[in-house]
Amino acid sequence: MTRSLGGAELATSIRNDASVAAAALAEIGVRPKLAVVQATDDESTAWYVRSIASAAKRTGILCDIVDLGAVASTEQIRSTLVELGHDPDVHGIILQTPLPDGTDLDALREAINPAKDVDGANPVSLGRLVARLPAFAPATAQAVIALLDHHGISPHGRTAAVVGRSTVVGSPVAHLLVQRNATVTVCHRHTTDLAAGTRDADILVVAVGIPGLITADHVADGAVVIDVGTTATADGQLLGDVDVAAVDGRAGALTPVPGGVGPVTTALLLNHTVDAAATQYAQTRSDSLLAGARSSA
Ligand SMILES: Nc1nc(=O)c2c([nH]1)NC[C@@H]1CN(c3ccc(C(=O)N[C@@H](CCC(=O)O)C(=O)O)cc3)C=[N+]21
């Protein structure tokens with residue numbers, strides 16, 4: 001029997017915490033606001049953006065969707081990010097990937113104000129994460145760890161395999177698993193024998209975006225499989241990277257798609273936005289108190 005590791009319950013509890021904190025901020029006149037910048041007509045991104053917007057609304061967080069269109073230039077996106085970084089009413093910024101062909105994603109990541117970098121995309125955030133300093137982790141990577149915790153699965157002393165090495169999921173999740181004392185193998189598009197890298201792992205995390213990539217041959221008997229893939233099909237279905245029928249009965253546990261990592265990701269992003277709003281409010285207050293003290297001295 002393969003146990004289903006659902007994310008709905010955890011997502012609800014994270015959202016409840018965020019909405020209590022958002023209400024407390026509203027009492028002192030702060031309305032947490034998340035800006036979502038997108039420059040794509042990719043359907044799975046549209047799916048994600050819709051779920052962010054509706055979850056934000058339910059949580060008492062404002063959400064501005066800044067859609068620059070699928071032909072936006074690096075410079076257009078960069079100046080939008082810089083502007084949002086300076087806007088005192090915006091507390092969190094997420095830049096959706098993918099971006100138009102030819103845009104310089106690395107340059108754009110650096111244009112996100114680290115204080116507002118609620119999806120941990122800026123190299124400053126990623127560097128702090130690797131250095132084990134406080135930082136916003138990419139919400140999806142953190143959601144993987146939060147789901148394991150929620151279901152009582154400890155990475156400590158286990159072997160883990162991560163398929164995918166993106167800066168938004170694969171790489172940070174591998175680091176977080178090492179920080180939780182797992183022994184981690186990272187596989188990616190240049191791995192010649194994928195199954196050899198994954199089939200002995202106690203915990204298998206897949207974040208690639210190729211539906212059905214992971215079959216029974218890739219999975220150890222009883223392994224915990226976390227499916228991060230979310231590919232939207234033309235007929236409106238959302239597909240993970242795991243061939244569910246093939247691994248059923250072999251995996252010990254598997255996250256469903258939809259209803260697994262996705263809702264937890266969205267909830268954590270909102271949670272980060274509320275945290276960012278509180279931190280920025282405290283910073284503004286202390287700046288103005290200091291300025292007042294100086295001018296009267
Ligand atoms: N910078 C960046 N960070 C991302 O994290 C990122 C991104 N770009 N680009 C697009 C992908 C896609 N993605 C999803 C997250 C949650 C759901 C999700 O919540 N799905 C629900 C279903 C949603 C619904 O039913 O409306 C579920 O799995 O149950 C889907 C997709 C994050 N991405």
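## Basis of the model

The model is predicted; local features need pLDDT of at least 70, side-chain atom pairs count only at pLDDT 80 or more, and totals for chains, interfaces and linings use all residues. Residues are numbered from 1 along each chain as its sequence is written.

Helices (H or I, at least four residues) and strands (E, at least two) are DSSP runs, numbered from the N terminus. UniProt positions follow the numbering used here, with feature names shortened, and the annotations may be inferred rather than shown by experiment.

## Annotated domains

UniProt, in an unreviewed entry, lists "domain: Tetrahydrofolate dehydrogenase/cyclohydrolase catalytic" at residues 6-119. This span is 48% helix and 14% strand, and its end C-alpha atoms lie 22 Å apart.

The unreviewed entry also places "domain: Tetrahydrofolate dehydrogenase/cyclohydrolase NAD(P)-binding" at residues 138-280.

## Helix α3

Helix α3 comprises 13 residues, 74-86, and reaches 19 Å from its first C-alpha to its last. That is close to the 18 Å expected at 1.5 Å a residue, where the expected span is 1.5 Å times one less than the number of residues.

Burial is assigned by counting other C-beta atoms, placed from the backbone, within 10 Å of a residue's own: 20 or more make it buried, 12 or fewer exposed, and a count in between partly exposed. The buried residues of α3 are Ile77, Thr80, Leu81 and Leu84. They lie on the same side of α3 because they cover an arc of only 100° around the axis, the arc being that of the directions from the helix axis to the C-beta atoms. The face turned away from this buried side carries the exposed residues Glu75, Ser79 and His86.

The buried residues of α3 pack against β2 (33-38), β3 (62-67), β4 (92-95) and α4 (105-109). Contact here requires that the C-beta atoms of two residues, placed from the backbone, lie within 7 Å.

## The shell around the ligand

Which residues come nearest to the ligand? Of the 23 residues around the ligand, these are Tyr48, Ser51, Thr230, Pro258 and Gly262; a residue is near a molecule or strand if its C-beta atom, placed from the backbone, lies within 6 Å of it. Thr230 also belongs to the "binding site" feature that UniProt, in an unreviewed entry, places at Gly164, Arg165, Ser166 and Thr230.

At least two shell residues come from each of α2 (43-59), β4, α6 (139-150) and α10 (261-296). Helix α2 gives the most, with 6 residues. By class, the shell has 10 nonpolar, 11 polar and 2 charged residues. Ala, Val, Leu, Ile, Met, Phe, Trp, Tyr, Cys and Pro count as nonpolar, Asp, Glu, Lys and Arg as charged, and the others, Gly among them, as polar.

## Backbone geometry

Thr97 and Pro98 are joined by a cis peptide bond with omega about 0°; Pro98 lies in the loop between β4 and α4. A cis peptide bond also joins Val257 and Pro258, with omega about -5°. Pro258 is located in the loop between β11 (253-254) and α10.

Arg132 has a positive phi of about 60° although it is not a glycine. Arg132 sits in the loop between α5 (123-130) and α6 and is exposed, with 9 other C-beta atoms within 10 Å. Asn181, likewise not a glycine, has a positive phi of about 70°. Asn181 occupies the loop between α7 (170-179) and β6 (183-187) and is exposed, with 11 other C-beta atoms within 10 Å.

## Selected residues

Gly164 is in the loop between β5 (159-163) and α7. Gly164 counts as buried because it has 24 C-beta neighbours inside 10 Å. Not counting residues up to four places away in sequence, Gly164 touches Val169, Gly170, His188, Val206, Ala207 and Val208. Ser166 is also found in the loop between β5 and α7, but is partly exposed, with 18 other C-beta atoms within 10 Å. Beyond its neighbours within four places in sequence, Ser166 contacts Ser171 and Ala207.

Thr265, in helix α10, is buried, with 27 other C-beta atoms within 10 Å. Not counting residues up to four places away in sequence, Thr265 touches Ala139, Thr140 and Ala143.
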